[in-house]
Amino acid sequence: MNDHRGVELRHLRYFVTVAEEGTMTEAARVLRIAQPSLSQQISALERRVGAPLFHRRPKGMELTEGGRILYATAIRALAEIEASLDQARDARRAVRVGVCRTVPEHLLARVERIFADDGSLSVEFDEADSQRQLDLLRTGALAFGVMRVFHPIDGLAALTLDDEPHGVVLRPDHPLAEHTALSWADLADQELLWFPAERNRRFAEDALAHLAGHGWTPQLRIVDAHSQALYCRHLRTSENLVGLRSRNSFTADAGMAWRPFVSDPPRRRFVLVALGDSPGARLLARSGGRSSDDGGIGGPGQRAASIPSAASSALPGSAW
């Protein structure tokens with residue numbers, strides 16, 4: 001019985017080269033191996049096949065009928081293997097990226113560009129709130145997360161994707177809509193449209209502390225609405241009720257008014273994060289550099305100290 005399992009790719013490559021070059025001498029030169037070694041390899045291949053592959057003529061090597069059959073198959077096999085190797089080199093490794101609710105689409109496009117620039121990664125987005133993302137990052141189920149972070153988190157590297165001031169969103173006929181900008185005192189008697197705190201208790205504490213620090217401790221109207229339509233519906237059907245949103249996160253067709261704060265507005269800040277001791281942290285460092293001023297990167301084992309404790313665009317029920 002012939003041991004076909006002993007046939008290796010190098011044997012086929014040697015065989016094809018001899019068939020194409022016509023002589024052992026020229027094939028050995030092309031392959032950059034010694035001619036006696038090449039002759040031994042061809043003889044070994046013929047033993048494994050169990051049939052002669054060449055007629056040894058005075059002028060060179062001529063394929064036998066069996067040799068012609070093997071040659072036709074071998075060149076196809078080698079071509080397919082080479083093509084597969086090229087595809088494998090070009091293949092992009094998929095990485096799972098968590099995404100919190102209400103992330104603008106243009107930020108997801110920016111995340112895709114970051115990984116495209118790396119040249120070897122493609123993105124698979126999974127929706128998850130920020131607390132859930134932290135759990136999945138720590139278990140390895142996610143490689144990265146897109147989230148809003150308003151307090152230091154140990155062990156995260158973070159690249160700022162977007163940082164915008166919040167303003168006040170209110171119905172067009174609201175008395176405060178007559179102002180071009182709102183002071184904290186203007187909001188003293190206003191309720192605030194808010195989300196259930198259990199969705200993100202730390203965020204709720206930090207955001208409301210920012211408001212209280214400016215003298216506004218509003219009564220909260222807590223609703224569990226996810227869409228912009230429901231959010232606006234609550235504002236439109238209630239008196240003395242306002243929301244907090246960034247301008248760019250509030251679409252023009254919402255039919256609502258938006259007014260900026262006069263001073264020190266809460267902010268909407270989205271970050272791309274990875275565990276600080278992971279390869280993802282190094283990718284973020286290459287993408288954005290380390291900066292304590294712009295919230296670029298918190299390094300391995302460090303807190304994301306540059307991420308401020310400020311309010312974000314919190315759709316009711318979105319909680320990050």
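Biologist: At what angle do the axes of helix H2 and helix H3 cross?
Modeller: This is a predicted model, in which local features need pLDDT of at least 70, side-chain atom pairs count only at pLDDT 80 or more, and totals for chains, interfaces and linings use all residues. Residues are numbered from 1 along each chain as its sequence is written, and side-chain values use heavy atoms, with hydrogens and water left out. The axes of H2 (residues 24-31) and H3 (residues 35-49) cross at roughly 105 degrees and come within 9 Å. Axes are lines fitted to C-alpha atoms, for helices over the stretch in contact, with angles from 0 to 180 degrees between N-to-C directions. Helices are DSSP runs (H or I, at least four residues), as are strands (E, at least two), numbered from the N terminus.
Biologist: Are they roughly parallel or roughly perpendicular?
Modeller: H2 and H3 are roughly perpendicular, a term that covers 65 to 115 degrees.
Biologist: Which residues meet there?
Modeller: Met24, Thr25, Ala27, Ala28 and Leu31 of H2 meet Gln35, Leu38, Ser39 and Ile42 of H3, where contact means heavy atoms within 4.5 Å.
Biologist: Changing topic, where does Glu112 lie, and which residues is Glu112 in contact with?
Modeller: Glu112 lies in helix H5. Leaving aside neighbours within four places in sequence, Glu112 is in contact with Val123 and Phe125.
Biologist: How far is Glu112 from Ser122, C-alpha to C-alpha?
Modeller: The two are 7.3 Å apart in space and 10 residues apart in sequence.
Biologist: What is the relative accessible area of Glu112?
Modeller: The value for Glu112 is 42%, so Glu112 is partly exposed, between buried (under 20%) and exposed (over 50%), with a 1.4 Å probe and protein chains only.

Conventions
Angles under 35 degrees count as roughly parallel, over 145 as roughly antiparallel, 65 to 115 as roughly perpendicular and the rest as oblique.
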